[in-house]
Amino acid sequence: MTGAEFERLAAALRASAGLAAKADIGAVAERLGLAAPVGDDCAAIPDGDGHLLFAIEGFINGFVAADPWFAGWCGVMVNLSDIAAMGGRPLAVVDALWADGEANAAAILDGMRAASSAYGVPIVGGHANLRNAQSQLAVAVLGRAGKRLLTSFDARPG
């Protein structure tokens, strides 16, 4: 890769919607006056001799509409990944689901159930509204980690 190509790639990444969305986290955290420090991949809440970890992901409506089963699977999987990335183990999954009727919710729920079974983490509840004009999904996972978390905040050169 030439220097010019690298610079174009870097500029494109800096201008991407995904990176802009990550920058939004700081503004939201400041506005809320968060009680716990912001973790890398999930909230890390000191608890006894370790930490509770709490991860949540909401999905773009277009993704949920285009592939509802995979959106359900991803809702579980990406949050489990966030818990693991900080050195934790997942304990439980909850969801918030809106859909236009039970039939339109079925594929989303089937995807969640399949991921829950595949990864061995129970879905313990959540919120559902089956009288909504479009399908929307958010999934959260509670986990536990020890005293020392895996975090990019501890990264050092070398």
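Colleague: What is the relative accessible area of tyrosine 119?
Modeller: This model is predicted, so local features need pLDDT of at least 70 and side-chain atom pairs 80 or more, while totals for chains, interfaces and linings use all residues. Residues are numbered from 1 along each chain as its sequence is written, and side-chain values use heavy atoms, with hydrogens and water left out. Buried means under 20% relative accessible area, exposed over 50%, partly exposed in between (1.4 Å probe, protein chains only). Tyrosine 119 counts as partly exposed, because its value is 42%.

Colleague: How many aromatic pairs does the structure hold?
Modeller: Rings of Phe, Tyr and Trp (its six-membered ring) pair if their centres lie within 6.5 Å; planes under 30 degrees apart are stacked, over 60 edge-to-face, the rest tilted. The number of aromatic pairs in the structure is four.

Colleague: What is the angle between the planes of phenylalanine 59 and phenylalanine 63?
Modeller: Their centres are 5.8 Å apart. The pair is tilted, with its planes at 45°.

Colleague: Why is the pair of tryptophan 73 and tyrosine 119 called tilted?
Modeller: Their ring centres are 5.6 Å apart. The pair is tilted because its planes meet at 55°.

Colleague: How many residues apart are tryptophan 73 and tyrosine 119?
Modeller: Helices (H or I, at least four residues) and strands (E, at least two) are DSSP runs, numbered from the N terminus. Tryptophan 73 sits in helix 4 (residues 68-85), tyrosine 119 in helix 5 (residues 102-119). The pair links distant parts of the chain, and the separation in residues is 46.

Colleague: What is the bridge partner of tryptophan 98?
Modeller: Strands pair if DSSP finds at least two bridges between them. Strand 3 (residues 89-100) and strand 4 (residues 123-129) run parallel, joined by six bridges. In strand 4, the partner of tryptophan 98 is asparagine 129.

Colleague: Where does helix 5 bend?
Modeller: The bend is the angle between axes fitted to the seven residues ending at a position and the seven starting there. Helix 5 bends by about 25° at isoleucine 108.
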